[in-house]
Amino acid sequence: SVDYCLIDTPGQIEVFNWSASGALICEALSVSYPTLVTYIVDTPRSARTVTFMSNMMYACSILYKYKLPFIVAFNKIDVLSHEFAVEWMTDYEAFASAARQETTYISTLATSMALAMEEFYNNIRHVGISAVTGAGFKDFEVKVAEAVEEFRTTYLPYLKEQAAAVLERRKEFERRRKEELKRSLDAAAKDPDREEYDSLSKLFADMKGVD
């Protein structure tokens, strides 16, 4: 048996942000196993405030779309420590000061968005890792264990609630379909086309039998 199953989707950010296929993959997995999403950030490339904010917006979008336990993993910390990113996530003034070094409209926008991201930062798990040296992977395993516990205590009840809602919508759909069929049956009873009436009668009887 295995403790973890890692599914890598390199370069597929558009699939998970804009396409339905990403959601279908996660939903299919989550009904059978504790499932979480790890968003990998290229730490050296995120040293600019604009790139960092772009990554955080992507991460926030995926988190709220999938509603699964979430970890932000800052990779390549053997090249550049992720401490600057942690500081930007916990200290707005530090981020704003760094953003002021760039005098573009985008950097000004990133600064204003940082305040809106504060709640996301306060509730997100994050860890620095290096695939080269193995640094940070013990911390990553701890974060994974926390995420699994969150899945069991928070996501499973949500999944059951959603399943109940889907079942209720299905029942409502069947009820309306039967009502429409009954109206068609009543209308056909007044019509001289007996063949159509017999066909509708049989269909309605079959639907009642399904109940």
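Student: Is Y58 buried, exposed or partly exposed?
Tutor: In this predicted model, Y58 is partly exposed, because its relative accessible area is 27%, and buried would require under 20%.

Student: Where is Y58 found?
Tutor: Y58 belongs to helix α3. Its C-alpha lies 8.2 Å from that of I13, although 45 residues separate Y58 and I13 in sequence.

Student: Let us turn to the rings. How many aromatic pairs does the structure hold?
Tutor: There are seven aromatic pairs. One of them joins F84 and W88, whose ring centres are 5.0 Å apart; the planes stand at 80 degrees, so this pair is edge-to-face.

Student: Which helix do F84 and W88 lie in?
Tutor: Both are in helix α4, four residues apart, or about one turn of the helix. In general, residues three or four places apart in an α-helix point the same way, because each turn takes 3.6 residues.

Student: Are F84 and W88 buried or exposed?
Tutor: F84 is buried at 18% relative accessible area, and W88 is also buried, at 9%.

Student: Which residues do ring pairs link into a cluster?
Tutor: The cluster consists of F52, F84, W88 and F95.

Student: F95 is in α5, then. Which residues of that helix are buried?
Tutor: Helix α5 spans residues 92–99, and its buried residues are A94, F95, A96 and A99. They pack against α3 (49–66), α4 (83–90) and α6 (105–116).

Student: What does the side chain of D91 reach at the start of α5?
Tutor: A side-chain oxygen of D91 comes to within 3.1 Å of the backbone nitrogen of E93.

Key: Residues are numbered from 1 along each chain as its sequence is written. This is a predicted model: local features need pLDDT of at least 70, side-chain atom pairs count only at pLDDT 80 or more; totals for chains, interfaces and linings use all residues. Side-chain values use heavy atoms; hydrogens and water are left out. Buried means under 20% relative accessible area, exposed over 50%, partly exposed in between (1.4 Å probe, protein chains only). Helices (H or I, at least four residues) and strands (E, at least two) are DSSP runs, numbered from the N terminus. Contact means heavy atoms within 4.5 Å. A polar contact is a pair of N or O atoms within 3.5 Å; within protein, one must be able to donate a hydrogen and the other to accept it, and residues adjacent in sequence count only if both atoms are side-chain atoms. Rings of Phe, Tyr and Trp (its six-membered ring) pair if their centres lie within 6.5 Å; planes under 30 degrees apart count as stacked, over 60 as edge-to-face and the rest as tilted.
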